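Have a look at the structure first.

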Amino acid sequence: MTILALLVCQMAQAQRWEIDGKPHSITWNVGIGDNPSASKPHDDHLEMSGQQVSAVLRYGVDADGNWHIEKSMVWPMLRTIPNNTHASLMRRFDCDALKSILIDGRPLRETVEKVTLNGTLEVQSKVTTRYRDHEMQLRRVYFPSPKSPALIELYEFENTGKGSITIEWPATQSCWTTPEKDGVDGSYDLRYCSEQAKTVVLKPGNTASFQATLSAGRHGDEPLKADAEEELKARKSLVDEWTSNLVFQSPDPVLNTMQSFSKIRAMESIYETKSGPMHGPGGESYYAAIWANDQAEYINPYFPFVGYDYGNKSALHAYRLFAKFMNDGYKAIPSSIIAEGDDIWNGAGDRGDAAMIAYGAARYVLAKGDRKEAEELWPLIEWCLEYCRRQLNEQGVPRSDSDELEGRFPSGEANLCTASLYYDALVSAASLCKELGIKGKTYRKEADVLRRNIEQYFGHEVEGFDTYRYYEGNNVLRAWICIPLTMGIYDRADGTADALFSPRLWTENGLLSQAGDRTFWDRSTLYALRGVIAAGKTGRALPFLRRYSATRLLGEHVPYAVEAWPEGGQRHLSAESALYGRIYTEGLFGLRPTGLRSFDLTPRLPEEWPYMELNHIRAFGHDFDIRVERGSKQGQMTVTISEKGRAVKRKTIGEGVTMACRL
């Protein structure tokens, strides 16, 4: 059996969920079929967010088919004391409006039949009544309000039997008030409310809907009034907007669907703070705050490709917040700006944050294609590059106190991650100078020198692999040896790919942070998959990408990329989903911004695919499509770039050839 066939077999055995034929929808058919993975009991958790709220839903089905759910609620703008990174109001509830409902005069009895994730959490159950000829279906839908501080719950009953069914719906009004001393704005009121009590006689074939909301606000504020049906329309409209742009199409439905889901989690986690929209990682910890890695480096350069206006606004706002900390003495910019912009966190020292910001900001403004924004953010980019230049050691690579893992693993005086980010920032800055007509800069030359220094300082044999040591003295393989590949440095691509996919680093959950350890962080796995594909080793990476995607989308903990394990319990942090999306833009399609209207394109079409497409790319001030097709001759591809249904460029190229494109 080939490696690919073995991986496919393993994936099939592990899949609990199924793609149900819609662009962004998966379903767990509870206890149906021969696949033991569909069995119960089973529990999982996922996070969903709106502009004023986030909810981590811990849900499951027990051995008897009963549904249970615990709602971990976060209100990022209801700040608690001390007003630090984790000071969002958070509470965990098990309230359920259906606990007191009566069906034909008796408590609700149900058997869950399927659970669907589609930007909402939807549960379909069969309801048992006291009469044999009475049959009923119940559909629950949970989702965050797009703009209000509430989790919305919608319940729809359908009479599928022969007789009328009486539903007695109770009024639910629960309110909690937090201690005044614990809140920045005093006490907060938390409410779980259903609509007024009513009795409905449901005839055969008819449906009836009920709703409940879980919300919070400042003490004394008017209780929130929400229309669940209208809120659901608004949520679905947003999900459709996110998933209908930057659409990946290929012969692989798992990759197509996982890429679609990743946009939901990446785009939804933006909070309307008092200082402006702030993208937040989430995970019941990180809200109303930004980081130089999660936001400036990971997700902000991705927003323009999806074209989500609110996301682009959050990116610009993040860079503006960081720009406030530029200083003449070139003291380090803080790692994180917290508490809606009122404070900072800098507990790990300089993590290479200036390199992260310069890298992300330069790529963002090039991809956004807005000259005014580029000119506004240029001083920040320039300052960060000068800061990095001043940190160069005697060997010509930048020093930093730590890296984005903040001391969890050693990183030495100078690390490969900071150096690689600085290199890429110099390359983008050189393109930006040309675009803006800025003279007198030597960024391209500095990048070339730094690349040679990276090779001399970090290039090394580690555990028998011709790859990189992460820092001077490092003799154990590290996941972040992948990062030069994502920056276009392929000098040690062969040995690095061998090391990454070796049993020393690769596991069923992707890369270990360090060989011999048990810790994994998805961000390094996502960087590695992107980098290995960008380096032209698509055949090596594709089975691992498919296995990773099937595990995260259809396995036991779905449907998004996660942060880490054991730390955080595999939380669905938002920016990791953006890193997943960048496997497609920068890996498979090799998209590299080179100007406000231009980019390089180096497609890496897998050998077994006849085509791949990326449609409705919203970057560079345009809305365009790219289709890559297998050519008539071996090793050739035909690339077609279209806009509004009309081909604007078509070219046949060889494997690994870069096309320079201008819109």
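Ile103 has Arg106 of strand 8 as its bridge partner. Strand 7 (residues 102–103) pairs with strand 8 over two bridges, in the antiparallel sense. Strands are DSSP runs of E with at least two residues, and helices are runs of H or I with at least four, numbered from the N terminus. Two strands pair if DSSP finds at least two bridges between them.

The open sheet has four strands in the order 8-7-13-16, with antiparallel pairing. Strand 8 (106–107) and strand 16 (198–202) are at the edges with a single partner strand each, so one side of each has no neighbour in the sheet.

## Basis of the model

This is a predicted model: local features need pLDDT of at least 70, side-chain atom pairs need pLDDT 80 or more, and totals for chains, interfaces and linings use all residues. Residues are numbered from 1 along each chain as its sequence is written, and side-chain values use heavy atoms, without hydrogens and water.

Strand 34 (residues 636–643) is mostly covered. Seven of its eight residues are buried (under 20% relative accessible area, 1.4 Å probe, protein chains only).

Strand 33 (residues 624–630) pairs antiparallel with strand 34 over seven bridges. Asp625 has Ser642 of strand 34 as its bridge partner. Five residues lie between these strands in their hairpin, where Gly635 takes a positive phi near 85°.

Strand 34 also pairs antiparallel with strand 35 (residues 646–654), over eight bridges. Here Ile641 has Lys649 of strand 35 as its partner. This hairpin has two residues between the strands, and Lys644 in the turn has a positive phi of about 55°.

Key:
Buried means under 20% relative accessible area, exposed over 50%, partly exposed in between (1.4 Å probe, protein chains only).
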